[in-house]
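Let's take a friendly walk through this model, one topic at a time. Keep the sequence and the 3D view side by side as you read.

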Amino acid sequence: MKRRTLRLQYNAPVTLSLFFLSLAALVLDALTGGWTTTHLFCVYRSSLADPLFYVRLFGHVLGHAGWEHFLNNMLLFLVIGPPLEEKYGSRTLLGGILMTAAISGVLQCLFFPGSALLGASGIVFMLIMLSSLAGMRSGTIPLTLILVAALYLGQQVYGMLFVQDQVANFMHIVGGICGTAFGFTVRRR
């Protein structure tokens, strides 16, 4: 009888790499007293001549305000990311993540110049909307897309209007729009 051995598999390289980079950013935050998060892992309006602005434009999705913020984002990210990475491929998923990071970073600087943005929530909501397009056939709109969009948008609009917290609901909506647009674009290709 042949004995089988189990090995760990790095099954979703983009998803797992973003997870481990976010974990490293959180550890660096603790080790540097917040310096790395302020200078590398959150985006805010600053000079375009500052090379770190471009690092922050993409790096803000790696930063988190604390363990609870990190866990809330990463639990969903680790559940939704691998199947989407398998479906669309690592390179395509990475393109969607980078696109969403850049768009949300630019919009943060344009519309909210006095505040900073950090966290992977926009990416998570991009993935949620992208996953709601699963199984879409040519000439159809999945009912799951409509339901997820209605519930999701309703929750985010409610949060913007009636809840006073540090949640970037507008950027969640931006992430959802990016995921929907990305899904339709990838589908056409």
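Counting disulfides, meaning pairs of cysteine sulfur atoms within 2.5 Å, gives 0 here. For C42, the nearest cysteine sulfur belongs to C109 and is 10 Å away, and C42 is in no disulfide. C178 also has C109 as its closest cysteine by sulfur position, but at 15 Å that is too far for a bond. C42 is buried, with a relative accessible area of 7%, and C178 is buried too, at 5%. Buried here means under 20% relative accessible area, calculated with a 1.4 Å probe on protein chains only.

A word on where these values come from: this is a predicted model in which local features need pLDDT of at least 70 and side-chain atom pairs count only at pLDDT 80 or more, while totals for chains, interfaces and linings use all residues. Residues are numbered from 1 along each chain as its sequence is written, and side-chain values use heavy atoms, leaving out hydrogens and water.

C178 also leads us to the helix packing. Helices are DSSP runs (H or I, at least four residues), numbered from the N terminus. C178 is one of the α8 residues that meet α6. Helix α6 (residues 121-131) packs on helix α8 (residues 169-188) with axes 7 Å apart and an angle of about 40°. Axes are lines fitted to C-alpha atoms over the stretch in contact, and angles run from 0 to 180 degrees between N-to-C directions. From α6, the residues in contact (heavy atoms within 4.5 Å) include F125, M126 and M129, and their partners in α8 include G175, G179 and F182. By class, this contact has 7 nonpolar, 8 polar and no charged residues, with Gly counted as polar and Cys as nonpolar.

Finally, look at S22 in helix α1 (residues 13-31). S22 is buried, with a relative accessible area of 0%. Leaving aside residues up to four places away in sequence, S22 touches V61, L62, H64, F70 and M74.

Key. Helices (H or I, at least four residues) and strands (E, at least two) are DSSP runs, numbered from the N terminus. Buried means under 20% relative accessible area, exposed over 50%, partly exposed in between (1.4 Å probe, protein chains only).
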